[in-house]
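This report describes selected features of the secondary structure and helix packing in one model. Please consult the sequence and the three-dimensional view alongside the text.

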Amino acid sequence: MAHVVGFVAGLLLIALVLVDAFETVVQPRRVTRRVRMTRFFLFASWALWTGAARRLPGRAGWEGSTARDRRLGVYGPLALLLLLGLWATALVVGFALVHLGLGSALTTVGEPGFFSDLYLSGTTFFTLGLGDVVPNSRAARLVTVAEAATGFSFLALVIGYLPTIYGAFSAREVRILLLDARAGSPPSAVGLFERLGPDIDPTEVDTFLREWEHWAGDLLGSQLSYPVLVFFRSQHERQSWLAALTMILDACSLLLVGLESATGPLPRRQARFTFAVARHAVGDLSQITNSPPRPSAPDRLPPAALARLRTSLAAAGLTLRLDDSAARALADLRALYEPYVAAMAERLRFALPPWAPATDEEDDWSTTAWQTDPAAALRAVGWDTSRGNGHREEWVNSEFD
């Protein structure tokens, strides 16, 4: 009876791992099955990891990073390696249980038993071929050949999987880094429009949003196919894929409500398309991160902050339409995505970006570990620093125009 139980348990464990690995690595679509080894492993280990990270100091150190940020940044790559190790270990144990169920039909120098089964399974899976323990029945030989094929395939899978993951990560991060100069650190919708200035070219706005429409689509595709990517954090603490996605939704919301520059109303058509794709990404990614939508706490844009937002835009030469119907439209747009991004921020320990930059905010590009005065960097490239950080920066040196 024990042999039958071991045989069945081994087959079930092998099947569970192979199906899970296929759905995680090979199948290029979202899998919504709730009972899944990868899903359980990632969320259980993430809970333990963040619990330990909370005990670390949050004081900023080298280049503004904290011990807590550095600990959270390690999790994504480490979880990926541990997941691969978990699959390999489970397969080795599964095949060992199958050998045990077949009666440990082995020729070995020691006493046959589960340890010998486990040893044979490990040397076969990793294709060592030492020969000191060999199967001596037809069924055991077939199982050994099947495990060797599985181990070889697993090695090929790892060789192809890791470059794909890091390629997707790099593609995601390039455009996030470009937001630093255009929208600040952390990025904000008001900061974006302040830097574009009162004479915004509508074509430039449409081009910018079209590029981010493609980025949101790529983000959705890559992180649905490879869910572990949601845990990979950006190279800079004040940037993240969630902050970039939220900022783009904020900017599209302002355009859809009605934003007017010195040359006239800014077009809304491309903003509708970009908002739709970004909101689609938010909805699906909240599902794979197991983040049911909930109201943002605290409110990202209370009435007082909305009034300051209008004032900041007016100082930049932009007028935000905000009569009663426009206020309701803005509230409706925010309700389509803010509960989702708030839930994901809580789950993944991200900070959501503000709607408007703080007055003392500094861009990441303007400082280094050795040069900490952002005003010097801004003056060097011809930006007006007379009004301080957080306000619209104007090009004042015509040689840069």
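Ser261 has Gly264 of strand S4 as its bridge partner. S4 is joined by two bridges to strand S3 (residues 259–261), and the two strands run antiparallel. Strands, like helices, are DSSP runs numbered from the N terminus, with at least two residues (E) required for a strand and at least four (H or I) for a helix. Two strands are taken to pair if DSSP finds at least two bridges between them.

The sheet is open and has three strands in the order S4-S3-S5, with antiparallel pairing. Strand S4 (264–265) and strand S5 (319–320) are at the edges with a single partner strand each, so one side of each has no neighbour in the sheet. In general, the strands of a sheet pair through backbone hydrogen bonds, in either a parallel or an antiparallel manner.

## Basis of the description

The model is predicted; local features require a pLDDT of at least 70 and side-chain atom pairs a pLDDT of 80 or more, whereas totals for chains, interfaces and linings use all residues. Residues are numbered from 1 along each chain as its sequence is written, and side-chain values use heavy atoms, with hydrogens and water left out.

## Helices H2 and H3

Helix H2 (residues 37–53) packs against helix H3 (residues 67–101) at an angle of about 150°, and their axes are 10 Å apart. H2 is therefore roughly antiparallel to H3. Angles run from 0 to 180 degrees between N-to-C directions, and axes are lines fitted to C-alpha atoms, for helices over the stretch in contact. Angles under 35 degrees count as roughly parallel, over 145 as roughly antiparallel, 65 to 115 as roughly perpendicular, and the rest as oblique.

Contact, defined as heavy atoms within 4.5 Å, involves residues of H2 including Phe41, Trp46 and Trp49, and residues of H3 including Tyr75, Leu78 and Trp87. By class, the contact of H2 with H3 has 16 nonpolar, three polar and two charged residues. Here Ala, Val, Leu, Ile, Met, Phe, Trp, Tyr, Cys and Pro count as nonpolar, Asp, Glu, Lys and Arg as charged, and the others, Gly among them, as polar.

The 46 residues of H5 should span 68 Å at 1.5 Å a residue, and its end C-alpha atoms are 67 Å apart, which agrees. The expected span is 1.5 Å times one less than the number of residues. Gly184, which follows H5, has a positive phi, near 90°. A cis peptide bond, with omega about 0°, joins Ser185 and Pro186, and Pro186 is found in the loop between H5 and H6.

Helix H5 (residues 138–183) and helix H6 (residues 189–196) pack at an angle of about 60°, with axes 8 Å apart. H5 is therefore oblique to H6. The contact is made by Asp180, Ala181, Arg182 and Ala183 of H5 with Gly191, Leu192, Arg195 and Leu196 of H6. These residues divide into four nonpolar, one polar and three charged.

## Helices H6 and H10

H6 also packs with helix H10 (residues 303–315), at an angle of about 15° and with the axes 9 Å apart. The two helices, H6 and H10, are therefore roughly parallel to each other. Their contact is made by Val190, Phe193 and Glu194 of H6 and Leu309, Ser312 and Leu313 of H10.
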